[in-house]
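Dear colleague,

Please find below the structure that I am handing over to you. My findings follow directly after it, and I would be grateful if you read them with the structure open.

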Amino acid sequence: MLKIDHLTKQYGDKKAVDDLSLHIRPGEIYGFIGHNGAGKTTTLKSVAGILNYDSGTIMINGKDVKAEPIECKKITAYIPDNPDLYDYMTGIKYLNFIADIFGVVLDERKEKINKYADIFEIKKDLGQPIAAFSHGMKQKLAIIAAWLHSPKLIIMDEPFVGLDPKAAHILKEMMREVCDEGGAIFFSTHVLEVAEKLCDKVAIIKGGKLIRSGSMEEVKGDDSLEQVFLELEGEQC
Amino acid sequence: MLKVLLKKQLFEIFRSYFYDAKKNKARSKGAIVGYIVMFVAIMVGILGVMFTALANNLCGAFVPLGLDWMYFALLGLLAVFLGAFGSVFNTYSGLYLSKDNDLLLSMPIPVHTIMLSRLLGVYLMGLMYSATLSIPTVIVYMCKAKFSLGILVSSLLYVLLISVFVLTLSCILGWVVAKVSLKLKNKSFITVLISLLFIGGYYFFYFKAQSILSDFIANAVSYSEKIKGAAYPLYIFGKSGTGDVVSIIIVTAFVAMTFALTWFLLSKSFVKIATSSGSTEKKAYKESGIKVGSVASALFEKEMGRFTSSPNYMLNCGLGTLMLVICGFALFIMSGKIYPVMSEIFGTDTGIVAMIFCSAICIVSSMNNMAASSISLEGKSLWLSQTLPIKPWQVLRAKLSVQLILTGIPTLFCCICAGIALKYTAVEFILTVVMNLMFVSFMAVFDLFLGLKMPDLNWTNEITPIKQGASVMLSLLIGFVAALIPGGVYMMVGYGIGFTVFMLITLAVFAAVTFVLYRWLRKKGCEIFATL
């Protein structure tokens, strides 16, 4: 579903991502962990088509992100770490806008908007301008918008930040549901307990370099993910 | 603490002078000096010269009659009007809508310190507008009437007191706007309506100014008696400019008291207003709100929604739409007066009348420049346009469409009115309509070009890209100059080759430039947008 080969991205002289390679198969929830400034967001933004990377390739469902950006974006959804949405739109207008862009048919968009707005308990607020939404409500709206067109690959940067425990639980179920249907999820998090319980595979990045990746068992063995992460951080120091 | 906040506030106001948003780095010293020189040249070279001429005219008329006070009173009133008008909505957005209000309020900073730093920004804006008139007023007086140390001190006080009074007025009006907008349902449109009333008053006064001033000059003595009788405070205000100590003390006390009262009012309600999300009735969600549209219409509606959601955006970048309609109606209604005069001066077969009005309509249409700030206004939500499966051109086209529609339709209306009112020939009518619409197209692509070349995505207040952005300022200036070309060049040299040939050449030139800019947008512009 997502194949990253030798991805390198520099900001001036600093390599934010350095020769990173990852492979995410359909049905996998892939966690991406690392300290602040390790290169997680740069990697996710490169996959989402926001950043123009310097070298390497990113393939989504066999298509090159640089060569066929529109085709890649059609089957992808991205949720940034801070959901800066169009504040001047109402919630429902925003969802309609996203659905129009992805060409979601009327019945499907009605069904999905009603379903997800109900489970996230923001249906009554959809008529309000997004400017009046709290951070958590914006995050819920961004999640609903991301799920509207049934993407095959969902990229999320710290998706649980700002969500209440119930919403976080619902999101985890939704993520598993996507993967059960053959999709894939690539997300960054600092909550290692969540990553440990939720992810099929995990990658640890430091200073732009991938320092360990693989299935959860391969990466952590008998230890906790937190222990492994802290040990790796220590070793690298 | 205050010093830090003031520094931040000043940096925010003049940020574009020191920081290159496109390259994401500080400007070189040379560039900073260049920008400052350009700004000073505009303020001093255009507004300063214009108001110096006005002051010179009035000084010559009033001072020989011993009506020095009336000279200061009249020009002082104009300076107050100009300053308050120029900064009232900036006060509202600067004080109450700044995105870092929450952040600053959460810090251990006294509320009055935050307010003071914010007010400094408002003060500078008001000073910038009022001083373009008050400074020429005192300089002309000292040069033409009298000069002494006392006059110098009173002149400095005159400029200072006007600027503080402008700040007070701006704060009161900004506070009223903020209070009212908390209760309104259609905030944007009502704010625009109120603003338009201001603007209407301004233009009414502006167009009447010459006759009012001539009347004042001709009947200066009788007006001075009336003012002394019915508006004595105005007399005192004028006297303060002449160096009268008692008047200076009274005016200073008045300005200080009104400012203190305003400060008290603001400090009582600042936190409540700045942190309020509004108490308007909640709109219930209806499933019927879910509708299907095409990608193009979704993007167009998004851009149109952005435009209509912001009074600042509508007023600063879309006033031309309304002005074109008003001009059209005015031409139609006043055709009986305008046509005989114009045809007598320029004749009916020279094409000059059609060219003059063609340029005039171009000038009014150049007031619309929503595309120039539309890129910067994407701000932090730019990621959406970049991650959705749409080509950059589709986004740019939607931005162009908004400007083309909101300017093109009223331009066409105004052209039709002009054609009927001024009895154009068929050739004049067709060519001026095509020329005006070509100009609208040129301005749309040019504005978007500027927006892409000078983006500023990291703003904390939308007023920055809308009002203070380099792209908007350049658009207004270059648009004005470009609009003068058809009429100006024709009157100077073009009439020799005849209306039709000149118009066809002008059209060809504008079409060529428009095409080049369009091609640039399609290729380079899309690349820039994709990598912003």
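In this predicted model, S4(A) and S5(A) make a hairpin, and two residues lie between the two strands. One residue of the turn, A:Asn61, has a positive phi of about 50°.

As background, strands of a sheet pair through backbone hydrogen bonds, and the pairing may be parallel or antiparallel.

Chain A also contains an open sheet of six strands, in the order S6-S7-S8-S3-S9-S10, with mixed pairing. Which strands are at its edges? They are strand S6 (76–79) and strand S10 (209–215) of chain A, each of which pairs on one side only. From one strand to the next, the twist averages 15°.

Two of the pairings in this sheet may be followed residue by residue. S6(A) and S7(A) run parallel and are joined by four bridges, with A:Ala77 opposite A:Ile154. Strand S3 (residues 29–33) of chain A and strand S9 (residues 201–206) of chain A also run parallel, with four bridges between them. Here A:Phe32 faces A:Ala203 as its opposite residue.

Helix H1 (residues 40–48) of chain A lies across S3, S6, S7, S8 and S9 of chain A, and runs at about 150° to S7(A). Helix H6 (residues 165–180) of chain A lies across S3, S7 and S8 of chain A, at about 145° to S8(A).

For chain A, the domain assignment gives domain 1 (1–75 + 152–166 + 179–237) and domain 2 (82–150). Their C-alpha centres are 25 Å apart. Four residues from domain 1 of chain A and four residues from domain 2 of chain A take part in the contact between them. On the domain 1 side, these are two nonpolar, one polar and one charged residues. For chain B, the assignment gives domain 1 (53–275) and domain 2 (295–530), whose C-alpha centres lie 33 Å apart.

How many residues of each chain are in contact with the other? The contact involves 30 residues of chain A and 28 residues of chain B. Helix H2 (69–74), helix H3 (91–102) and helix H4 (106–119) of chain A each provide at least two residues of the side that touches chain B. H3(A) gives the most, with six residues. By class, the side of chain A that touches chain B has 17 nonpolar, five polar and eight charged residues.

Finally, some remarks on confidence. The model has an ipTM of 0.84 and a pTM of 0.71. The average pLDDT of chain B is 85, and 92% of its residues score at least 70. Where pLDDT is low, the predicted coordinates should not be read in detail.

Yours sincerely,
A colleague

Key. Residues numbered from 1 in each chain as written. Chains lettered and ligands numbered in written order. Predicted model: local features only at pLDDT ≥ 70, side-chain atom pairs only at ≥ 80, totals over all residues. Contact = placed C-beta atoms within 7 Å. Nonpolar A, V, L, I, M, F, W, Y, C, P; charged D, E, K, R; others polar. Pairing = 2+ DSSP bridges. Axes fitted to C-alpha atoms, helices over the stretch in contact; angles between N-to-C directions. pLDDT = per-residue confidence, 0-100. Domains from an automatic or database assignment.
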